[in-house]
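Thank you for passing this one over for comment.

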Amino acid sequence: MNKCIKLFVAFALVSLSAFQTEAEDVISLKVGMIGLDTSHSIAFTKVLNSADATEDVSNCKVTIAYPYGSRDIESSYSRIPGYIEQMKEMEVKIASSIDEVLAEVDVVLLETNDGKPHLEQAIAVIAVSYTHLRAHETPEHRVWRVVRVK
C-alpha cells in the first residue's frame, strides 16, 4: 500500500506540472473533493474558497464533492450528512459519483478518512488524469504510463 501512496503522490505532482504557466499567466483551477467523512474536507474548502485566500491558492476553488468514503466506520459515515450541508452552504455541488467529480475538475483532493477505499478511488482519478494528460502531451512534455499489474 505504501508503494501505491508514493505512486499516487508522484503522479499527482506530474499532473500538477501540466498546469504550470508563465508567472504573469494566472489560471483558475476547479478543485474536486472525494470523501466528506472528515473535518479536513470542510477546513480545506474554507481555505481554498475564502475571498481572502493566500496568493498561492487564490486561483483554486472547490466546486464539487463526492461525499462517500467509508461505508462501514460509523464515526466516519455518520458525519457525512452534516458535512454535505456545510459544503452546500459554501456553494459546492454534491456529486452522485466520482466520475461526475472527475468530469468537472482540474485537481482532485482525496479526503476519505477510511483508507480501505483509497486505492479504488485513486485508480479512478489516475485513469482519467492519464487520459487527460495524454491529450496534451508534446515531445517536450511526455506523460509516463502507470501500469497496474494484477
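Predicted model: local features only at pLDDT ≥ 70, side-chain atom pairs only at ≥ 80, totals over all residues.

1. Overall layout. The protein has six helices and four strands. Read from the N terminus, their order is α-β-α-β-α-α-β-α-β-α. Of its 150 residues, 35% are buried. The accessible surface is about 9,600 Å², and carbon and sulfur atoms account for 56% of that area. Taking contacts between residues at least 6 apart in sequence, 75% join residues at least 24 apart.

2. Strand β1. This strand covers residues 29-34, and five of its six residues are buried. It pairs with two other strands, as follows. With β2 (residues 60-66) it runs parallel, joined by six bridges; in this pairing I34 stands opposite Y66. With β4 (residues 107-110) the pairing is also parallel, over four bridges, and here M33 has L109 as its bridge partner.

3. The crossover. Between β1 and β2 comes helix α2 (residues 39-49), and the three elements make a right-handed β-α-β unit.

4. Salt bridges around K116. There are five salt bridges in the structure. In one of them the side chains of D72 and K116 meet, at 2.8 Å from N to O. The two residues come from distant parts of the chain, 44 residues apart: D72 is in the loop between β2 and α3, and K116 is in the loop between β4 and α6 (118-135). K116 also meets D114 in a salt bridge, with an N to O distance of 3.8 Å.

5. The K93 and E104 pair. Another salt bridge joins the side chains of K93 and E104, at 2.8 Å from N to O. K93 lies in strand β3 and E104 in helix α5 (residues 98-104), so this pair ties together parts that are 11 residues apart in sequence. K93 is partly exposed, with a relative accessible area of 37%, and E104 is partly exposed too, at 30%.

6. E91. This residue deserves a look at its backbone: E91 has a positive phi of about 65 degrees, although it is not a glycine. E91 sits in the loop between α4 (80-89) and β3 (93-94). Its relative accessibility is 71%, so E91 counts as exposed.

7. S75. This residue lies in helix α3, which spans residues 74-77. S75 is partly exposed, with a relative accessible area of 41%. How far apart in space are S75 and N113, C-alpha to C-alpha? The distance is 9.9 Å, while in sequence S75 and N113 are 38 residues apart.

Key: Residues numbered from 1 in each chain as written. Heavy atoms only, no water. Buried < 20%, exposed > 50% of the residue type's maximum accessible area, 1.4 Å probe, protein only. Contact = heavy atoms within 4.5 Å. Areas by Shrake-Rupley, 256 points an atom, 1.4 Å probe, with all protein chains shown as cover. Pairing = 2+ DSSP bridges. Right-handed = clockwise from strand over helix to strand, strands pointing away. Salt bridge = Lys/Arg side-chain N within 4 Å of Asp/Glu carboxyl O.
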